[in-house]
Amino acid sequence: MKNNDEYVGLNNIIAIMALPSIASIVLFYFNEIIGSISIILSILLYFFLTKINKKKKDDLQAYVDQMNVSFDSITKNVVFEMPFPIVIVEDDRTIKWHNTYFRDLFDNKSIVGNKIEDFLPEFADFDFKEDGLRTPRNINIKDKVLQFYYQTIINDEDGKSQTFLYGIDNTYDESIKKLFKNKRLVFYSVFIDNYEDIRNATQSIDRPAVLGEIDRVINEYFKTYDGIIRKYENDRFMVISEYQDYRKIYESKFSILDQVRNIQKGNSLPPTLSIGVGIAGAKPSDIYSDSREAVDIALSRGGDQAVVKLEDNYEYFGGKTKAIEKTSKVRSRVISQALKRMMQSSPDIYIMGHNNPDMDSFGSSLGVYEGAYHMGKEAYIVLDEVTKPIENMYQRVTSELGELRANILTEDEALAKISPQSLIIVTDNHRKNSTEAPALLDKNDNIFIIDHHRRGKDYIANATISYIEPYASSASELVTEILSYLDEDFRARTPVAESLLAGITVDTKNFVYQTGVRTFEAASILKRWGADSVYIKRMFKDDFEIVKYKSEVIADSFIVNDSIAIAHFNRDIDGSTLIASQAADDLLNIKGVLASFVLTISNNKIHISGRSLGDISVQLILERIGGGGHLTAAATQLDMSMENAEDMLRKAINEYLREEEENESNTNR
């Protein structure tokens, strides 16, 4: 089959020969002799033109062949002398060929025949046979940053491949990015948690020295890292630094928290700080807003900690001390009136605690319900399941409060009734996915939260009011205070008062843990409303099976890290989380045990209950694996096997203890 050039040449000859051929035919018609001569001349002309066309084609082919030879030579020289590294990798990941630049990166070592990962470990887990150009990867070699790309060609016959890798020197661009990152602004919102309490608890002669020392420590600390400090209220500071200086503060784990806490200038209370850090905003105003949001979280978690706001996440530092109980009840009274106004302006109210409810969750929900009932409002408690911990309480209140049973709804029933104007009140919890009915929170933004747990990252962000006080013993304590300010003539019905007192009792372990003056004041209010301590004692009685199971858990326990007890309860039964939490409490009675963790199965997930005596923060340990709670009581749920959950728990414990040792050694220097 003739190629294109041959066809073009033939067409040109035919076009040229058309006129002489026609003329020869015409002449032959009139004169055979002259016509014959003309035909002979036309044939000669055709052969002449054909010869010229062939010579032209041969000359062109010779030129192309010469260019191919030259191009091959140029290509080889160019590839070898390319100002960036090139390497060809065979199907078995061995290096087949490389250019001079690639060799020079590795000090002229023998390269051909070795594995690519011996020189570029970043490609050790790459599957070069994947189609298409891969996303470039920055690799640091010596003082350079090289951006490597690769392209793989697969032989259709034998399926073997060859991969062509080449690296572009990206050192300058990366240095600019690094400079830009290091020079960007970081905002810190710094609050003194207990400024008024320190002023009131310190003698007037020592007060200036204490407050002055706090200011001095804050100013000197941030000046060490080239920060700009501005004090805009007695207990509030704004600090700005560059990111490169923030990294030094980050690596010190915000040691200023310990420095301020250790101030002793005649003060009876240790001063503590809450620090919110914003680093990810696109504009200075966004970074500032992030720092304010972060410090709000630090305060709601009890203070004495730093919270760093990342793009969609938070990092926590500190928070190793108990939240200090607030002596002033002003906020409680303000919150009570705010709740009253929101109840009055809402057509109906939906109250819920957390899933797998305990006595504090259900008791505090009953308390809020009682407040709405007193105001004559249409109120409902959302409860999907009556769990073992609340079974006695549920039977008591539903049998003695005639209207209550009809006003307890499942999640589906609540979703069918709720309107955008309804008020949703969440107690003993602030995490959306941990509530009794998460879908309910998507119906409107008219949400009121009452909780005593330290705030976590997955909190309900669209709440109108969040009353989160980690100093409190329980949500029932907070609800009792709110109810006491609701109306002068308010008095909770006895079953509700006893439920609130039971909630306080269970969360304080009979008024032992996380118990302050306000806890006893709340208990005294409930006693005045008719709560009977003897009846509450009966409410806590366990079935024989539960007592037996707790004994099994304790017998199965073992000690790790010299002072931490771990145990398992391998039965997915009703009340397994109750057994786990009570067994964790009982393990603390063992001599030398400072913290305990019990793993159990609940709804096909692994539930971990953590308890401590205060020397070890079970909250900080379980937060590492998605949980939360308090210094002395925390929990989490994991969707994995018991063995994997225990491995994750042990890793979190070791990380926590290692950081504690590092902080201790830094303090002692």
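Please keep in mind that the model is predicted. The protein chain holds 21 helices and 23 strands, and 46% of its 669 residues count as buried.

**The chain as a whole**

- Of the contacts between residues at least 6 apart in sequence, 64% join residues at least 24 apart.
- The protein chain exposes about 33600 Å², and carbon and sulfur atoms supply 52% of that area.

**Helix α11 with helix α14**

- Helix α11 covers residues 359-374 and helix α14 covers residues 475-484; their axes lie 8 Å apart at an angle of about 15 degrees.
- Because angles under 35 degrees count as roughly parallel, α11 is roughly parallel to α14.
- The crossing of α11 and α14 is left-handed.
- On the α11 side, Asp360, Gly363, Ser364, Gly367, Val368 and Gly371 take part, meeting Ala475, Ser476, Val479 and Leu483 of α14.
- By class, this contact of α11 with α14 has 4 nonpolar, 5 polar and 1 charged residues.

**Helix α11 with helix α15**

- Helix α15 spans residues 494-508, and α11 packs with α15 at an angle of about 150 degrees, their axes being 8 Å apart.
- The crossing of α11 and α15 is left-handed.
- Here α11 brings Met359, Asp360, Gly363, Ser364, Leu366, Gly367 and Glu370, which meet Val496, Ser499, Leu500, Ala502, Gly503, Val506 and Asp507 in α15.
- The residues of the contact of α11 with α15 comprise 6 nonpolar, 5 polar and 3 charged.

Technical notes. Residues numbered from 1 in each chain as written. Predicted model: local features only at pLDDT ≥ 70, side-chain atom pairs only at ≥ 80, totals over all residues. Heavy atoms only, no water. Axes fitted to C-alpha atoms, helices over the stretch in contact; angles between N-to-C directions. Helix = DSSP H or I, 4+ residues; strand = E, 2+ residues; numbered from the N terminus. Parallel < 35°, antiparallel > 145°, perpendicular 65-115°, else oblique. Left-handed = near helix turned anticlockwise from the far one by under 90°. Contact = heavy atoms within 4.5 Å. Nonpolar A, V, L, I, M, F, W, Y, C, P; charged D, E, K, R; others polar. Buried < 20%, exposed > 50% of the residue type's maximum accessible area, 1.4 Å probe, protein only. Areas by Shrake-Rupley, 256 points an atom, 1.4 Å probe, with all protein chains shown as cover.
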